[in-house]
Amino acid sequence: MLSKVYARLTADRLTVLILVLFSAVGFQKYTLNGYNNFLIFSRPFYNLLHDTIIYGPHPTLYWDTYKYSPTFAWLMGPFYYLPVWLGVILWNALNAGVLLAGLRAWFGNGPDRDRQYRIAVLIVMAEALITAQNIQSNNLIAGCILLGLRALQTHKPVRAAFFFALIGFIKFYGAAAAIFFLFYPGKFRFLAAMGVWTLLFAAAPLTILPFPSLLAQYQTWFQVVHDSKLGQLVSMLGIAEYWFGMAKTDANLRVLETIGASLFLLPLVRFRLWSSALYQQRMAAFFLLFVIIFNKMAESPTYVLAVVGVAIWWMTLEQPGRYDRILLALVIIFTSLSPTDLFPKFIRNEYFVPMNVKAMPCVLVWLRVMAQIWTQEVVRVTIKIPEPELV
């Protein structure tokens, strides 16, 4: 019954419904006093206004510490002036809107675009809700990556550079998606635009800060990033620690990250496939999964990026096999639903969290995509030369 109702939803109505839902989640978090992440994002603007270092503890403004760029603090300025309840609602709505815009741009092409969009939303929804409940920025990041990739596909390198540069000032690892400029024309324009947008974003806080103060902010930010402690390791790195006894050290993690990066970059040697739309889609899915499952700072709310990658992979399958269906089911059940109340709390805390159950299905899909990329055939275009006519 629910599937029939969902199938009848137009793409526009589905988009409006989700925006309302995510806004309601924001209001719920406000009423439950669960909006500290929003304060971490929006209140550093106060310190910029007063020419104070935005890093380190500021217990009168928020709990925990701010670890993002000075530019992101500047960009969050409009939210600083809003009442907290309205700011939380609009922040969640903005994140959801950008994510949906990215999904619509990526899947909104071709004769079956509405159906593809609805399926993609269905796959991503639970994970996006987890991000929204944590008032995080990962929905925004995922949407910007998709918008940037779509801009490259439609030969709009300046627009693509805007999205990738913006991502770099929020969560810099997402800006690695800029590597996909290699597949498309306009490479020089893209690189030049990346340079210009990066400079503009970096200098934006100069509108309220003197240059020496901004330079001090960036120096402190770089030090904070360098000194950041290891995260929760909800990733391949955590799997290696729990299942194989790998010591949780920076050196060991760098080894695994190097292996992951090498496995991601190696398929780029298949130069003849660069112009293949199927190859480009698989590489996009491959990237979105890689950037999370090999990320030392990965945590549950970041997995919306990986699950967006799963959605892209699923749409590349003309006829999903039994193994593919099992993998998708594992992602939905154990990646997206394992942190929820569908499972008893003691199972989540005693088994799912330490065993990194959330990461494992995405690792399996990543391996599946890698196998499909390496086994994809090169389509050779042959020109038939007519036989000479005998006179």
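Which residues is Val308 in contact with, leaving aside its neighbours within four places in sequence? In this predicted model, the contacts of Val308 counted in this way are Leu99, Leu103, Val124, Ala142, Leu146 and Leu288. Val308 belongs to the largest nonpolar core, a set of 120 residues, and together with Phe164 it is listed as having the most contacts inside that core. Another core lies apart from this one and has six residues, including Leu233, Leu237, Met246 and Leu253.

A further valine, Val331, is found in helix α17, which covers residues 322–336. The relative accessible area of Val331 is 1%, and Val331 is therefore classed as buried, since the term applies to values under 20%. When residues up to four places away in sequence are not counted, Val331 touches Val307, Val310, Ser336, Pro361 and Val365. Pro157, by contrast, is 174 residues from Val331 along the chain, and the C-alpha atoms of these two residues are separated by 33 Å.

Attention then turns to charged side chains, for which a search of the whole structure finds five salt bridges. One of these joins the side chains of Glu127 and Lys358, with an N to O distance of 2.9 Å. This pair links distant parts of the chain, as Glu127 is in helix α8 (residues 113–133) whereas Lys358 is in the loop between α18 and α19, 231 residues apart. Both partners are buried: Glu127 has a relative accessible area of 0%, and Lys358 has one of 6%.

Besides the salt bridge with Glu127, the side chain of Lys358 reaches the backbone oxygen of Thr335 at 2.5 Å. Not counting residues up to four places away in sequence, Lys358 touches Glu127, Ile130, Val234, Ser300, Tyr303, Phe334, Thr335, Ser336, Ser338 and Pro339.

Asp112 forms a salt bridge with Arg115, in which the closest N and O atoms are 3.2 Å apart. In this pair, Asp112 counts as partly exposed because its relative accessibility is 35%, and Arg115, at 44%, likewise counts as partly exposed. Asp341 forms a salt bridge with Arg348, and here the closest N and O atoms are 3.5 Å apart. Within this second pair, Asp341 is exposed, with a relative accessible area of 70%, whereas Arg348, at 14% relative accessibility, counts as buried.

How values were computed: Residues numbered from 1 in each chain as written. Predicted model: local features only at pLDDT ≥ 70, side-chain atom pairs only at ≥ 80, totals over all residues. Heavy atoms only, no water. Helix = DSSP H or I, 4+ residues; strand = E, 2+ residues; numbered from the N terminus. Buried < 20%, exposed > 50% of the residue type's maximum accessible area, 1.4 Å probe, protein only. Contact = heavy atoms within 4.5 Å. Core = buried A, V, L, I, M, F, W, Y, C linked by side-chain atoms within 4.5 Å. Polar contact = N/O pair within 3.5 Å; in protein donor to acceptor, adjacent residues only side chain to side chain. Salt bridge = Lys/Arg side-chain N within 4 Å of Asp/Glu carboxyl O.
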